[in-house]
Amino acid sequence: MLDHEKIHTFASKLEKKMATNRTFTMLKPDAIENGHMGKIIDMIISAGFQIKAMKYTQLTEDQAKKFYEVHAERPFYGELVEYMCSGPIVAAILEKENAVADFRTLIGATDPSEAADGTIRKAYAESKGRNAVHGSDSDENAESEGHFHFTAAEIF
Ligand code: DAT
Ligand code: MG
């Protein structure tokens, strides 16, 4: 193999490795409204996640519709979209070994009444709909959701 081919192979392996070590999160409007932003970010960092990108922003209705498009046929879609653009959120890309699965463990079950002790949703979510935090459910979604919110120049 030529040197430049080796470099390409190495770079693409590295890229794949990085992708599987990242996830995407949003602190949802209820978490911000209820004053839990700082405590949730502290839990995320204390659990070993590094912040690769972060912004405090508010979704437009169109952005919320697009972000949750996979749920368009679910009965709660309208409610979910309205809620997600009802107030500011924090969007972030996080890095850690096994990021997607470990972050899902850290946030807990969708419904806080079913979430395990020590999870973010158990501590801070109001309800199944207003459940404090989003976490990507696969490496592919982590990648596309991250790029939905951040340009390459905003990711460190
Ligand atoms: P998760 O956020 O745990 O991945 P999901 O992808 O099934 O859960 O649903 C996305 C969001 O939609 C969820 O965080 C909150 C909302 N949601 C899900 N099920 C709901 C329900 N039965 N009633 C109201 N909102 C719901
Ligand atoms: Mg989901």
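This is a short chat about a predicted model and some of its parts.

Q: Which residues sit on each side of strand 3?
A: I89, A91, I93 and E95 are on one side, while V90, A92 and L94 are on the other. Both faces of the strand are covered.

Q: In what sense does strand 1 pair with strand 3?
A: Strand 1, residues 22–27, pairs with strand 3 in the antiparallel sense, over six bridges. Within that pairing, T25 stands opposite A92.

Q: And how many bridges join strand 2 to strand 3?
A: Seven bridges, and the two strands run antiparallel. Strand 2 is made of residues 50–57, and its T57 stands opposite I89 in strand 3.

Q: Back to strand 1. Is T23 buried or exposed?
A: T23, which is found in strand 1, counts as buried because its relative accessibility is 1%, and the cut-off for buried is under 20%.

Q: How far apart are T23 and E143 in sequence and in space?
A: They are 120 residues apart in sequence, and their C-alpha atoms are 7.3 Å apart in space.

Q: On to helix 6. Which of its residues are buried?
A: In helix 6, residues 99–107, the buried ones are A99, V100, F103, L106 and I107.

Q: Why do those count as being on the same side of helix 6?
A: Because they cover an arc of only 125° around the axis, they are on the same side of helix 6.

Q: What comes just after helix 6?
A: G108 does, and it takes a positive phi of about 85°.

Q: How does A132 look in terms of phi?
A: A132 is not a glycine either, and its phi is positive, about 70°. A132 is found in the loop between helix 7 and strand 4.

Q: Is A132 buried or exposed?
A: A132 counts as buried because its relative accessibility is 0%. N98, at 43%, counts as partly exposed.

Q: What about the largest nonpolar core: how many residues has it?
A: The largest nonpolar core has 19 residues, and L27, I40, I44, F103 and I120 have the most contacts inside it. Helix 2, helix 3, strand 3, helix 6 and helix 7 each supply at least two residues of this core.

Q: Which element gives the largest share of this core?
A: Helix 6, with four residues.

Q: Last topic, the largest pocket. How much space lies in it?
A: About 740 Å³. The lining has 27 residues, and Y68, H71, F76, L80 and H134 lie nearest the centre of the pocket.

Q: Which elements give two or more residues to the lining?
A: Helix 4, helix 5, strand 4 and helix 8 do. Helix 8 gives the most, with four residues.

Q: How do the lining residues divide into nonpolar, polar and charged?
A: Seven are nonpolar, nine are polar and eleven are charged.

Note on methods: Residues numbered from 1 in each chain as written. Chains lettered and ligands numbered in written order. Predicted model: local features only at pLDDT ≥ 70, side-chain atom pairs only at ≥ 80, totals over all residues. Heavy atoms only, no water. 1 Å grid on protein atoms, 1.4 Å probe; cavity = no way out; pocket = protein on both sides within 12 Å on 5 of 7 lines; lining within 4 Å. Points joined across faces, edges and corners; volume = space filled by probe spheres on them. Nonpolar A, V, L, I, M, F, W, Y, C, P; charged D, E, K, R; others polar. Buried < 20%, exposed > 50% of the residue type's maximum accessible area, 1.4 Å probe, protein only. Pairing = 2+ DSSP bridges. Arc of directions from axis to C-beta. Core = buried A, V, L, I, M, F, W, Y, C linked by side-chain atoms within 4.5 Å.
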